[in-house]
Amino acid sequence: MELNMPDKTDKSEQQPTKASHSLTVILGKDNQVFYFVGTPKDAKEGDLLQKTDFSSAGIRKVILDKTKEIGGDEKGIPMIVVVIKAMDDSKYKNMVDILDEMHITNSKRYAIVDLLPEEIELTKKFDI
């Protein structure tokens, strides 16, 4: 799989992503997958954190549905931004699995970033 990294010498401004265009995926222990749309604050206030799995009817369907809902830019590239976050006790295999899903769903805009403390709190309702 090809991995594109940002050009650190590029100083051009990038437009911020709308919260409604971002899908955060949290990889948990025991192959658990959580997701929410928007910001952690949106997820907490609306109780929007959901749990799924790595099946084709799981996270793949979530990504494809959200991609269809948001649509694409003028070049037809999906405008969804998938933010991938892994908990300390998630498996490396799950990171590979979610990167495979990025390829399968033709998701061009995604990032792997650190988990925020408030996102860990959100997952506690699932007793992980």
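What follows is a short talk about labels and the values behind them.

Guide: First, the ground rules: this is a predicted model, where local features need pLDDT of at least 70, side-chain atom pairs count only at pLDDT 80 or more, and totals for chains, interfaces and linings use all residues. Residues are numbered from 1 along each chain as its sequence is written, and side-chain values use heavy atoms, with hydrogens and water left out.

Visitor: How many helices and strands does the protein chain have, and what makes a run count as one?

Guide: There are 4 helices and 5 strands. Helices are DSSP runs of H or I with at least four residues, strands are E runs of at least two, and both are numbered from the N terminus. Along the sequence the pattern reads β-β-α-β-α-β-α-β-α.

Visitor: Why is Glu119 called buried?

Guide: Buried means under 20% relative accessible area, exposed means over 50%, and partly exposed is in between, with a 1.4 Å probe and protein chains only. Glu119 has 1% relative accessibility, so it counts as buried. Glu119 belongs to helix 4, residues 117-123. Contact means heavy atoms within 4.5 Å, and beyond its neighbours within four places in sequence, Glu119 is in contact with Thr24, Ile26, Phe36, Pro40, Lys85 and Asp114.

Visitor: And why does Gln32 count as buried?

Guide: Its relative accessibility is 9%, so Gln32 goes in the buried class too. Gln32 is in the loop between strand 1 (22-27) and strand 2 (33-37). Over the whole protein chain of 128 residues, 38% count as buried.

Visitor: What makes the Gln32 and Lys51 pair a polar contact?

Guide: A polar contact is a pair of N or O atoms within 3.5 Å; within protein, one must be able to donate a hydrogen and the other to accept it, and residues adjacent in sequence count only if both atoms are side-chain atoms. The side chains of Gln32 and Lys51 make such a contact at 3.0 Å. A polar atom of the Gln32 side chain also lies 3.0 Å from the backbone oxygen of Lys29.

Visitor: How do you know which strands pair in the sheet?

Guide: Two strands pair if DSSP finds at least two bridges between them. Strand 1 and strand 2 are joined by 5 bridges and run antiparallel, strand 2 and strand 3 pair antiparallel over 3 bridges, and strand 4 and strand 5 are parallel with 3 bridges.

Visitor: What makes strand 3 and strand 5 edge strands?

Guide: Strand 3 (50-52) and strand 5 (110-112) each pair on one side only. As for individual positions, Val25 stands opposite Tyr35 in strand 2, Tyr35 is opposite Gln50 in strand 3, and Ile84 is opposite Ile112 in strand 5.

Visitor: What makes a group of residues a nonpolar core?

Guide: A nonpolar core is a set of buried Ala, Val, Leu, Ile, Met, Phe, Trp, Tyr and Cys residues joined through side-chain atoms within 4.5 Å. The largest one here has 17 residues, and Leu23, Val25, Leu27, Ile59, Ile84 and Ile98 have the most contacts inside it. Strand 1, strand 2, helix 2 (59-70), strand 4 (81-86) and helix 3 (92-104) each give two or more residues to this core. Apart from it lies another core, of 8 residues, including Ile26, Phe34, Met87 and Leu115.

Visitor: Which residues of helix 3 are buried, and what do they pack against?

Guide: Asn94, Met95, Asp97, Ile98, Leu99, Glu101 and Met102 are buried. The buried residues of helix 3 pack against strand 1, helix 2, strand 4 and strand 5. Just after helix 3, Asn106 takes a positive phi of about 60°.
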